[in-house]
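Thanks for making the time this morning.

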Amino acid sequence: MLSDFDAATLSELKQYVARVLALDSWYTREQFEEIEFIRLADDLYALLDEMRVRDFIYDFDWMSWGKEADKYIDKPELLEKADLNTLQRLMTAHSRNESLRDGHLAEMIDNGHLRLLFHRMMAL
């Protein structure tokens, strides 16, 4: 079920999105002995936290929606017309994937998907 999400809340989230879009680097790779890990930029962490608090990232069966999410990753032009519900589902899936596998968000940053998703969010 889609969470209740009003225009005022979207406007508040857009302030966080704008800060992320203005960053030169959205993450760094750090090394601790033999282990490499990804450290997201503080502004990106703040955005993800706000998305969770405000139910932009919400509870739904994101795993069964995976094939649909892949379409938006494989065909970036689909994001140009994505609605708010789709953006919420994508961010939920990305957030959950990141919690299962460190580096998922870095991949989405590197391939340009997250930037396009945020630009679409700003356009709504």
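I will go from the hairpin to the helices and their charged side chains.

A word on conventions before that. This is a predicted model, in which local features need pLDDT of at least 70 and side-chain atom pairs count only at pLDDT 80 or more, while totals for chains, interfaces and linings use all residues. Residues are numbered from 1 along each chain as its sequence is written, and side-chain values use heavy atoms, with hydrogens and water left out.

Let me begin with the strands; helices (H or I, at least four residues) and strands (E, at least two) are DSSP runs, numbered from the N terminus. Strand β1, residues 27-32, pairs with β2 in the antiparallel sense over 6 bridges, where pairing requires that DSSP finds at least two bridges between two strands. Tyr27 has Leu40 as its bridge partner in β2. The two strands β1 and β2 form a hairpin with 2 residues between them, and Glu33 in the turn has a positive phi of about 55°.

Phe37 sits in strand β2, which covers residues 35-40, and Phe37 is partly exposed because its relative accessible area is 31%; on this scale buried means under 20%, exposed over 50%, and partly exposed in between, with a 1.4 Å probe and protein chains only. Together with Phe32 and Ile35, Phe37 makes a nonpolar surface patch of about 310 Å². Patches here are made of residues with over 30% relative accessible area and no salt bridge, with like charges joined within 9 Å and nonpolar side chains (Val, Leu, Ile, Met, Phe, Trp, Tyr) within 5 Å, and the accessible areas come from the Shrake-Rupley method with a 1.4 Å probe, where for residues only the protein chains shown count as cover.

Now to helix α2, residues 42-53, where we find Asp42. Is Asp42 buried or exposed? Asp42 counts as exposed, because its relative accessibility is 51%. Its side chain makes a polar contact with the side chain of Arg39 at 3.1 Å, a polar contact being a pair of N or O atoms within 3.5 Å, where within protein one must be able to donate a hydrogen and the other to accept it, and residues adjacent in sequence count only if both atoms are side-chain atoms.

How many salt bridges are there? The count comes to 7, if a salt bridge is a side-chain nitrogen of Lys or Arg within 4 Å of a carboxyl oxygen of Asp or Glu. One of them joins Arg52 to Asp49, with the closest N and O atoms 3.5 Å apart; both residues lie in helix α2, 3 residues apart, about one turn of the helix. Glu50 is buried, because its relative accessible area is 17%, whereas Arg54 counts as partly exposed at 28%.

I will finish with Thr92, in helix α4, residues 84-100. Thr92 is buried, because its relative accessible area is 0%. The side chain of Thr92 reaches the backbone nitrogen of Tyr58 at 3.1 Å. Not counting residues up to four places away in sequence, Thr92 touches Phe56, Ile57, Tyr58, Phe60 and Trp62, contact meaning heavy atoms within 4.5 Å.
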